[in-house]
Amino acid sequence: MNIFLVILLLLVAFWKSDWRNWEKYYPSMLYIALAASFYELISYEEFHLWEFEKSLFLSGFKVHLVHNLIVNPLVVLLYLSNYPVKGKRFFYSAKWIIGFWIIEWLASNLHVITYHNGWNLGWSLLFLIVMFPMIWLHHVNKTVALPLSVAISILLLMMFQYI
């Protein structure tokens, strides 16, 4: 399923993204890749909240690498390059949140992703409700988004008793 997701996402990204202005979205693409990689770093050995399962072609590590370095940045490019200039922003983000949650629900039911240490689909939905607005906030105001991201991360680490 991971390879299918990447191929589908690549096709949609090449078709629907604003590739002419990709540099405008690049800092936020790095932001999401770094955040996901930081999660992997702190949870590597023993404290995953969610885990992508290995597939026929990809080890567990490679699945995470593909998501962190390909899937997440492409999602940011697609999300930001099609973000409405005005009006309907709430509904635009809501579509992304619901769409992502449905994909995760499907992946969970297919056992492509598993949950650990108290995480579940409900927490994933709350995470997505925060993640997409944070991507937009990072795009328009990094000075606010970065410290807020650190604060939210620390809060999550405390809530799930990592620190």
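**Exercise 1. Which residues does His-138 contact, leaving aside its neighbours within four places in sequence?**

Solution. Step 1: apply the contact criterion, which is heavy atoms within 4.5 Å. Leaving aside neighbours within four places in sequence, the partners of His-138 are Pro-27, Ser-28, Tyr-31, Ala-145 and Leu-146.

Step 1: His-138 sits in helix 5, residues 121–140. Helices (H or I, at least four residues) and strands (E, at least two) are DSSP runs, numbered from the N terminus.

Step 2: classify its accessibility. Buried means under 20% relative accessible area, exposed over 50%, and partly exposed in between, with a 1.4 Å probe and protein chains only. His-138 has 4% relative accessibility and therefore counts as buried.

A note on the source: this is a predicted model, in which local features need pLDDT of at least 70 and side-chain atom pairs count only at pLDDT 80 or more, while totals for chains, interfaces and linings use all residues. Residues are numbered from 1 along each chain as its sequence is written, and side-chain values use heavy atoms, with hydrogens and water left out.

**Exercise 2. How many helices and strands does the protein chain have, and how do its elements run from the N terminus on?**

Solution. Step 1: count the elements. The protein chain contains six helices and two strands.

Step 1: read them in order. From the N terminus on, the order is α-α-β-α-α-β-α-α.

Step 2: compare the chain with the globule rule. The radius of gyration is taken over C-alpha atoms, and the rule is 2.2 Å times the number of residues to the power 0.38. For 163 residues the rule gives 15 Å and the protein chain has 16 Å, which is close, so the chain is as compact as a globular protein of that length.

Step 3: The C-alpha trace spans about 40 × 35 × 25 Å along its principal axes.

**Exercise 3. What percentage of the 163 residues in the protein chain is buried?**

Solution. Step 1: buried residues account for 39% of the 163 residues.

Step 1: By the Shrake-Rupley method with a 1.4 Å probe, the accessible surface of the protein chain is about 10100 Å², and 72% of it belongs to carbon and sulfur atoms.

Step 2: look at contacts along the sequence. Of the contacts between residues at least 6 apart in sequence, 70% join residues at least 24 apart.

**Exercise 4. Where in the protein chain is confidence lowest, and where is it highest?**

Solution. The protein chain averages 90, and 98% of the residues score at least 70.

Step 1: compare the elements. Confidence is lowest in strand 1 (residues 50–52), at a mean of 83, and highest in helix 5, at 97.

**Exercise 5. Is Ala-36 buried or exposed?**

Solution. Step 1: Ala-36 belongs to helix 2, residues 22–43. Its relative accessible area is 14%, so Ala-36 is buried.

Step 1: list its partners. Leaving aside neighbours within four places in sequence, Ala-36 is in contact with Asn-68 and Asn-72.

Step 2: take a C-alpha distance. Ala-36 and Trp-105 are 69 residues apart along the chain, and their C-alpha atoms are separated by 19 Å.

**Exercise 6. Where do Lys-88 and Asn-117 lie?**

Solution. Step 1: Lys-88 is in the loop between helix 3 (60–81) and helix 4 (89–109). Asn-117 is in the loop between strand 2 (113–115) and helix 5.

Step 1: check phi. Lys-88 is not a glycine, yet its phi is positive, about 50°. Asn-117, also a residue other than glycine, has a positive phi near 55°.

Step 2: classify both. Lys-88 has 68% relative accessibility and so counts as exposed. Asn-117 has a relative accessible area of 39% and is therefore partly exposed.

Methods:
pLDDT = per-residue confidence, 0-100.
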